[in-house]
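Here are a few notes to read alongside the model.

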Amino acid sequence: MDITLENKLAEKYSFMRRESSKRQNPYSAYGNFGCMIKDGWYQILDELCAEIWAAYKEAGITSDLVVDEIGVSSAVDAQHVVELTAENVKYHELIFRYHMSDVKDSGADAMKEKMVLEATQAVRERIDALIEQYRVKSRTTCEECGGQGVLRQRGKEIEVWCVACYA
Ligand SMILES: [Zn+2]
């Protein structure tokens, strides 16, 4: 994804700062390579981040969400594939992998710690549901422009394209 788009996300959402992902995990794909998706998915990624951000803030979680990878996942619907085609590739979809950094022990009493852990668990479930929702949405989102699309093939390239971008 274009670096200016990546920077826009990092300005809006602190968990999208690549430096902080890299600090938490030097091998982080996100920290090292950024968003490995095309610009057409910027809009849905921005919406997903906004919803994660809201869920996270609402829960009042103090530990950090660390982004591990943002990219494209695909699956091949055949056992012995000689050549990839739009028929045997099942989908292209947005993957968003993350983990929560450990809840820091701030000398809080056991009761408070338990409450924080429960809140963290609840927010994780909420975030996982959001990621799932956007994963499904990305399958029909044009990777070039963000419009409505389907998986298509052009030469060796297989991608989600809308009619206009495919033409
Ligand atoms: Zn398009």
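1. First, a word on what you are looking at: this is a predicted model. Helix α3, residues 29-33, is where you will find G31. With 21 other C-beta atoms within 10 Å, G31 is buried, because the cut-off for that class is 20 or more.

2. Now for the neighbours of G31. Leaving aside residues up to four places away in sequence, G31 touches R18, S21, K22 and N25.

3. Next, please turn to helices α4 (residues 42-58) and α5 (residues 110-138). They pack at an angle of about 165°, and their axes are 10 Å apart. Angles over 145 degrees count as roughly antiparallel, so α4 is described that way relative to α5. The crossing of the two helices is right-handed.

4. Which residues make the contact between α4 and α5? From α4 come I44, L48, E51, I52, A55 and Y56, while α5 supplies V123, R126, I127, L130, I131, Y134, K137 and S138. Sorted by class, this contact has ten nonpolar residues, three charged and one polar.

5. Finally, the protein chain as a whole. Its secondary structure comes to six helices and four strands, in the order α-α-α-α-β-β-α-β-β-α along the sequence. The C-alpha trace spans about 60 × 35 × 30 Å along its principal axes. Of the 167 residues, 22% count as buried. Among contacts with a separation of 6 or more, 64% are between residues 24 or more positions apart.

How values were computed:
Residues are numbered from 1 along each chain as its sequence is written. This is a predicted model: local features need pLDDT of at least 70, side-chain atom pairs count only at pLDDT 80 or more; totals for chains, interfaces and linings use all residues. Axes are lines fitted to C-alpha atoms, for helices over the stretch in contact, and angles run from 0 to 180 degrees between N-to-C directions. Angles under 35 degrees count as roughly parallel, over 145 as roughly antiparallel, 65 to 115 as roughly perpendicular and the rest as oblique. A crossing is left-handed if the near helix is turned anticlockwise from the far one by less than a right angle, and right-handed if clockwise. Two residues are in contact if their C-beta atoms, placed from the backbone, lie within 7 Å. Ala, Val, Leu, Ile, Met, Phe, Trp, Tyr, Cys and Pro count as nonpolar, Asp, Glu, Lys and Arg as charged, and the others, Gly among them, as polar. A residue is buried if 20 or more other C-beta atoms lie within 10 Å of its own, exposed if 12 or fewer, and partly exposed in between; C-beta atoms are placed from the backbone.
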